[in-house]
Amino acid sequence: MEDVKTHFTSASENGEEETHSFEPLPREMLALSSGVQRAKDAATKLSQDHKELHGSVSKIGKAIDRNFTCDFTAIVKGELFQDPDKSRILNDVICEHFLRDGRLDIAEKTAEEAGVYLSTEQKTRFAELHYIVSALREKNLEPAIEWAKEHREKLALINSDLEFKLIRLCFIDLLKQGYAKQAEILQFARNFSPFGHQYKRGESFSLASVARCSFSDIQQLMGCLLYLRVGIDKSPYISMLNRDFWKDICIQFTRDASALLGLSVESPLSICIKVGCQAFPCFHNIKQVMQKTNVSQVWKKDEIPIEIDIGDECRFHSVFSCPILKQPTTETNPAMRLVCGHVISKEALNKISNGNKLKCPYCPVEQSPGDAKQVHF
């Protein structure tokens, strides 16, 4: 189009420079005819290109309509949260998620509208954890170290070495500053004293034992002092500068702090959403089967109609499947341990029992069904 515009502009300027009668000159006619033809060719080419583009765009729309749907009625239990107790649990989980994320104002507003009570202790506790984690992400170790010292005994009970790793990371940060910080480094090294005691074999190892702080780790840290002048990055201890230590310490603090508070490491809401995103495509693929009459009752049970692999990180409860009926046990159909030690479901026990006699399906031991004991996971 630019070429056609340039052609007509040039022809117009040439025509203005010459004076002639009302009859156009042959040279002008030739220029106009050539310009008109070039304009037609350009318009034809644009039309063809537009058709190709329009075809691709129309296919995208059809692909979206084919792969996405707005009708989820077949795989959604709309009445699930109509129960007041379940609705309350959902609101509690949402408020806790906002508290974990440090969004206190949103959590308070949500709690106010949903009628959820948030205690001052609960808000303070989550605000403190969020502040410490935020500080760790900015490579500020002081709040985390103070928290670890305050909870030293509780951390020892869960076999955590969090305090040692925090102090080690702070010590490494001082080592990176070189020989100029030698006096400060030596003074800070005194913080390793609770973890550096050696005990005789058979004696109680106290906090150092519980926290699994190896004496060899402290020896390596002290060995770094020999390379202050040349730099730790040029020493055999260059592995101490691994950047993954910062990411690992954030994860460990969250895990250990959650354990002390009796909380899960991740937000329950985020876990549910993650698992739901993994399970949803599987439900969508069997939507047509689930709409049939002969399987319309599957949603009336407290279990999903198909097995979905959600990964080991999302498994929080033990699950026992009956080897006889090939189905998981439930509260109404618990696992039962036979006298011989084999475990089956209660329904299977009732089906294979013959009055007061029962023969184990896995071994020839005969016993009474009443001798079976319920197994609690």
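Q: What is the handedness of the crossing where H3 passes H4?
A: In this predicted model, the crossing of H3 with H4 is left-handed.

Q: At what angle do the axes of helix H3 and helix H4 cross, and how close do they come?
A: The axes of H3 (residues 84–100) and H4 (residues 104–114) cross at roughly 165 degrees and come within 8 Å. An angle over 145 degrees counts as roughly antiparallel, so H3 is roughly antiparallel to H4.

Q: Which residues of H3 and H4 meet?
A: An α-helix has 3.6 residues a turn, so residues three or four places apart point the same way. Here H3 contributes Asn 91, Ile 94, Cys 95, Phe 98 and Leu 99. On the H4 side they meet Leu 104, Ile 106, Ala 107, Thr 110, Ala 111 and Ala 114. By class, the contact of H3 with H4 has 9 nonpolar residues, 2 polar and no charged.

Q: At what angle do H3 and H5 pack?
A: The angle between H3 and H5 is about 40 degrees, and their axes are 8 Å apart. This makes H3 oblique to H5. Glu 96, Leu 99 and Arg 100 of H3 make the contact with Gln 122, Lys 123, Phe 126 and His 130 of H5. The residues of this contact divide into 2 nonpolar, 2 polar and 3 charged.

Q: How are H5 and H6 packed, and at what angle?
A: Helix H5 (residues 120–137) packs on helix H6 (residues 142–150) at about 130 degrees, with the axes 8 Å apart. The two helices are therefore oblique to each other. From H5, the residues in contact are Glu 128, Leu 129, Tyr 131, Ile 132, Ala 135 and Leu 136. From H6 they are Pro 143, Ala 144 and Trp 147. This contact has 8 nonpolar residues, no polar and 1 charged.

Q: Where is Gly 115 found, and is Gly 115 buried or exposed?
A: Gly 115 lies in the loop between H4 and H5. Its relative accessibility is 65%, so Gly 115 counts as exposed. Sequence distance and spatial distance can be read side by side here: Gly 115 and Arg 88 are 27 residues apart in sequence, with 8.5 Å from C-alpha to C-alpha.

Q: Which residues of H11 are buried, and what covers them?
A: In helix H11 (residues 215–223), the buried residues are Ile 218, Leu 221 and Gly 223. Their cover includes helix H8 (162–175).

Q: What is the strand order in the open sheet of 3 strands?
A: The order is E2-E1-E5, and the pairing is antiparallel. Strand E2 (343–345) and strand E5 (373–375) are the edge strands, each pairing on one side only. Neighbouring strands in this sheet are turned against each other by 45 degrees on average, direction ignored. Strand E1 (residues 335–337) is joined to E5 by 3 bridges, and Met 336 has Gln 374 in E5 as its bridge partner.

Q: What does the chain contain as a whole?
A: The chain has 15 helices and 5 strands. Of its 377 residues, 27% count as buried. Among contacts between residues at least 6 apart in sequence, 53% join residues at least 24 apart.

Technical notes:
Residues are numbered from 1 along each chain as its sequence is written. This is a predicted model: local features need pLDDT of at least 70, side-chain atom pairs count only at pLDDT 80 or more; totals for chains, interfaces and linings use all residues. Side-chain values use heavy atoms; hydrogens and water are left out. Buried means under 20% relative accessible area, exposed over 50%, partly exposed in between (1.4 Å probe, protein chains only). Helices (H or I, at least four residues) and strands (E, at least two) are DSSP runs, numbered from the N terminus. Contact means heavy atoms within 4.5 Å. Two strands pair if DSSP finds at least two bridges between them. Axes are lines fitted to C-alpha atoms, for helices over the stretch in contact, and angles run from 0 to 180 degrees between N-to-C directions. Angles under 35 degrees count as roughly parallel, over 145 as roughly antiparallel, 65 to 115 as roughly perpendicular and the rest as oblique. A crossing is left-handed if the near helix is turned anticlockwise from the far one by less than a right angle, and right-handed if clockwise. Ala, Val, Leu, Ile, Met, Phe, Trp, Tyr, Cys and Pro count as nonpolar, Asp, Glu, Lys and Arg as charged, and the others, Gly among them, as polar.
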